[in-house]
Amino acid sequence: MTNTDTEISKTVPASVAMLRVIESWGVNHIYGYPGGSFNSTMHALDLEKDNIDYIQIRHEQVGALAAAADAKLTGKIAVCFGSAGPGATNLLTGLYDAKEDHAPVLALIGQVPSTNMNYNYFQEFVENPMFADVAVYNRLVMTPESLPYVIDKAIREAYKHNGVAVVVIPNDFGYVQIPDVPYTSHSNTDNKVVVGPLATDEEVDQFLAMVKEAKRPVFHVGRGIKNGGDKLVELSKKLQIPIVMTGLAKGLIPDSYEGNLGTANRAASKAADEIMAVSDLVITIGADFPFANLVYRTHEFKFIQIDNDRAQFGRHHFLDLGIWSDATAFVEKAIERSEKVEESPYFKAAVADMANWKEYLDYLTNRNAEPLEFEAVYKEINRIAEPNAVFSIDVGDNIINSFRHLNITPKNKWVISALFASMGSGVPGAIAGQLSYPDRQVFNISGDGAFSMVMQDLITEKKYKLPIINVVTSNASLNFIKSEQDDIPMDYSGIYIEDQDFAMIAQAMGVESITVRSPKELPAAFDKALEVTKAGRPFLIDAKITDKRSIPVEDLLLKIEDGKLVETVSKNYDASPSTQTAAGYKEYTVREFLDRYDGQNLKPLPELFEEYGVEL
């Protein structure tokens with residue numbers, strides 16, 4: 001008998017062979033909740049427990065959201081599972097989150113034994129069609145022998161397309177003994193750094209010519225810039241072009257850079273929205289911007305798009321120039337081929353606008369407002385956060401507030417449900433962050449509406465001794481939606497939620513906690529959070545804040561009339577029937593609007609343009 005014959009004569013359960021393929025790709029934990037249709041894989045997880053950790057979450061949606069967050073934080077394939085029927089359907093929200101944010105995730109789906117398929121068996125249904133839209137690879141395993149191969153192929157497709165791969169597994173297949181041979185195709189060649197397309201000299205020169213013709217250019221940069229933030233700062237200074245970021249680019253461009261105007265649209269700075277509104281040349285670099293129809297359609301401008309994915313060209317705006325290129329490589333070539341321009345009054349005005357905005361944020365952060373407001377909570381998070389902390393930020397007002405008030409640098413890792421915007425992503429993201437970065441400090445920042453959707457998985461934090469600092473900003477209101485209803489001619493509907501004692505709920509799960517109602521109570525609460533988490537245990541702070549609306553800078557409108565810049569407030573602002581009088585809805589001046597949000601020291605952009613002598 002040959003050595004090959006001896007190897008083939010050895011057998012292994014198909015489900016174990018499958019897990020060994022997953023392990024070969026560097027996966028060390030997998031999220032899921034057991035079910036009868038998944039028992040063969042549960043058995044394999046027990047047999048392979050020394051090589052891969054099973055993380056028992058309490059809802060499949062949490063498992064899928066955690067896997068999506070894992071993939072977004074690490075860039076590596078992450079794995080979740082659900083049993084047949086409701087276990088499978090519960091995964092969909094998290095899988096769509098992964099799809100929309102281009103995260104490689106493998107979802108294993110239980111199915112009834114093959115001998116019971118097509119007999120209307122308990123919990124049996126045709127599962128693959130349900131995943132057809134969310135998945136880049138969607139297969140039903142047909143034989144036990146093919147199970148590890150299909151899994152290996154699924155992982156490759158998830159990486160290739162930065163998306164979701166779904167594999168449905170009849171339960172009986174996992175128990176079948178199959179040849180114990182290497183099924184994985186993973187090797188060191190998969191670890192190569194992918195070199196993106198490069199811009200030509202002619203393309204960069206065309207870009208520079210358009211910049212030279214423009215009076216008010218702006219960079220709109222996305223996460224495609226990756227580690228090239230410092231290079232973009234260099235180009236910004238050299239060409240006197242301010243930078244506006246998409247949300248996912250936060251932290252990639254230093255907040256300390258004077259030309260960084262922050263993010264645009266609603267989760268925005270005043271400076272970013274104002275400069276975007278007056279630009280005559282928008283240069284997007286590695287940006288996927290789902291709010292383009294709101295921000296890009298306000299006025300005419302020339303549009304340059306630099307992206308490493310040709311399918312993105314023209315997605316958000318018609319092109320004047322498209323450059324298929326890696327973002328950082330393009331910036332480096334632009335630095336090389338450009339000449340330094342003189343200081344620009346327009347650039348100075350943009351910088352002054354952002355400096356004025358930062359002064360405003362600093363004022364809000366450092367006042368001791370009673371009752372408690374959200375800015376004071378962020379001050380404490382920034383105080384105790386370590387330089388390389390991981391932040392999981394749930395959907396709602398905390399995204400706006402984090403973009404404005406949370407200190408994030410390239411040393412940090414942070415995750416949100418960006419394009420799909422799924423409430424309840426905070427806890428799963430923090431669980432993923434702590435498992436993938438066990439030596440880092442991890443925060444979950446959630447509103448009460450989002451947190452209450454997944455708070456059962458605090459017990460997951462406790463079970464696995466995950467020292468996560470959970471900060472719940474609690475105001476008994478779905479405040480993000482409440483703010484939207486402020487600007488619609490309707491009475492508030494469905495936005496007030498019953499208040500809960502989250503600290504007591506946490507304590508019932510064995511998680512230490514505290515409730516805070518006043519700014520003076522915050523330092524001690526966060527110090528306690530540090531003490532407990534450094535001892536290796538999770539902690540929860542229930543911060544009872546007001547439901548005030550932070551300044552909606554998206555309601556500021558700008559246009560050029562008769563050679564002058566004119567700024568007004570949207571007529572939709574504050575359109576609630578509660579504000580209506582016999583004379584109709586109140587129309588606000590810009591000064592009245594700013595002052596309503598304690599912005600007495602905020603300067604309108606026309607005033608800054610006049611101060612710096614900007615020619616329109």
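## The largest cavity

Helix 15 (residues 397-405) gives the largest share of the lining of the largest cavity, three residues. Helices here are DSSP runs of H or I with at least four residues, strands are E runs of at least two, and both are numbered from the N terminus. This is a predicted model, where local features need pLDDT of at least 70 and side-chain atom pairs count only at pLDDT 80 or more, while totals for chains, interfaces and linings use all residues. Residues are numbered from 1 along each chain as its sequence is written, and side-chain values use heavy atoms, leaving out hydrogens and water.

What counts as a cavity? On a 1 Å grid over the protein atoms alone, a cavity is a set of points where a 1.4 Å probe fits but cannot get out, and lining residues have an atom within 4 Å of a point. The largest cavity holds about 90 Å³ of space, with volume taken as the space filled by probe spheres set on the points. Its lining includes Arg266, Asp397 and Glu554.

## A strand tucked inside

Why is strand 18 (residues 468-474) largely enclosed by the rest of the structure? Seven of its seven residues are buried, so the rest of the structure largely encloses strand 18; buried means under 20% relative accessible area with a 1.4 Å probe, protein chains only. Ile468, Asn470, Val472 and Ser474 sit on one side, with Ile469, Val471 and Thr473 on the other.

Strand 18 runs parallel to strand 17 (residues 442-447), joined by six bridges, and also parallel to strand 20 (residues 539-544), again by six bridges. Strands pair if DSSP finds at least two bridges between them. Valine 472 stands opposite serine 446, and its bridge partner in strand 20 is aspartate 542.

Technical notes. On a 1 Å grid over the protein atoms alone, a cavity is a set of points where a 1.4 Å probe fits but cannot get out, and a pocket is an open set with protein on both sides within 12 Å along at least five of seven lines; lining residues have an atom within 4 Å of a point. Buried means under 20% relative accessible area, exposed over 50%, partly exposed in between (1.4 Å probe, protein chains only).
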